[in-house]
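Colleague: Before we look at particular features, I would like to learn how to read them with some care. Could we take them one at a time?

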Amino acid sequence: MFGTTKAFSGFSVDDIDAAREFYGETLGLRVSEQNGMLTLHIAGGRDILVYPKPDHTPATYTILNFPVDDIEKAVDELADRGVRFERYDHLEADDKGIFRGGGPLIAWFTDPAGNVLAVLQEPS
């Protein structure tokens with residue numbers, strides 16, 4: 001039944017204007033807006049719906065991962081754009097906020113609504 005449909009995911013935010021600026025300008029994604037909701041147009045032809053929710057509660061998990069070839073460069077560029085990287089007590093990160101404790105190199109950050117995002121570099 002769903003094998004031929006183009007599925008998409010979505011998540012909520014508490015401020016569509018702040019989300020549009022963050023995803024479009026800070027992260028540089030192509031963003032469109034219709035009916036008070038945003039669509040993030042990401043590589044691979046998959047769209048992500050971002051919708052306003054007045055009683056929004058940020059997700060407690062990573063809602064969106066951005067694979068990169070060079071995590072050092074990606075973290076530096078994002079930091080230059082004002083992105084702050086998260087630190088978690090149970091995961092020791094380096095000075096830049098990159099966790100190097102096994103698996104992919106990864107650095108977490110949040111959008112203005114508090115949703116968790118990450119850049120990650122797979123081991124080569």
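Colleague: Which elements each supply at least two residues of the lining of the largest pocket?

Modeller: This is a predicted model, in which local features need pLDDT of at least 70 and side-chain atom pairs count only at pLDDT 80 or more, while totals for chains, interfaces and linings use all residues. Residues are numbered from 1 along each chain as its sequence is written, and side-chain values use heavy atoms, with hydrogens and water left out. On a 1 Å grid over the protein atoms alone, a pocket is an open set of points with protein on both sides within 12 Å along at least five of seven lines, a cavity is a set where a 1.4 Å probe fits but cannot get out, and lining residues have an atom within 4 Å of a point. Helices (H or I, at least four residues) and strands (E, at least two) are DSSP runs, numbered from the N terminus. Here the elements are β5 (62-67) and α2 (71-80), and α2 gives the largest share, three residues.

Colleague: What is the volume of that pocket, and how does its lining divide by class?

Modeller: A volume is the space filled by probe spheres set on the points, which are joined across faces, edges and corners. For the largest pocket this is about 280 Å³. Ala, Val, Leu, Ile, Met, Phe, Trp, Tyr, Cys and Pro count as nonpolar, Asp, Glu, Lys and Arg as charged, and the others, Gly among them, as polar. The lining of the largest pocket then has nine nonpolar, no polar and two charged residues, and it includes Phe 66, Pro 67, Leu 78 and Arg 81.

Colleague: How many cavities of 30 Å³ or more are counted, and which residues line the largest cavity?

Modeller: The count comes to one cavity of 30 Å³ or more, and the largest cavity has a volume of about 30 Å³. Among the residues that line the largest cavity are Tyr 88, Leu 91, Phe 99 and Trp 108, and its lining divides into five nonpolar, one polar and two charged residues.

Colleague: In what order do the strands of the open sheet lie?

Modeller: Two strands pair if DSSP finds at least two bridges between them. The open sheet of three strands has the order β5-β7-β6, with mixed pairing. Its edge strands are β5 and β6 (105-110), each of which pairs on one side only. β5 and β7 (residues 116-121) run parallel and are joined by five bridges, and Pro 67 stands opposite Leu 120 in β7.

Colleague: How should I read the chain as a whole, and what share of its residues is buried?

Modeller: The chain has two helices and seven strands, which follow the pattern β-α-β-β-β-β-α-β-β along the sequence. Of its 124 residues, 33% count as buried, and the C-alpha trace spans about 40 × 35 × 25 Å along its principal axes.

Definitions and conventions:
Buried means under 20% relative accessible area, exposed over 50%, partly exposed in between (1.4 Å probe, protein chains only).
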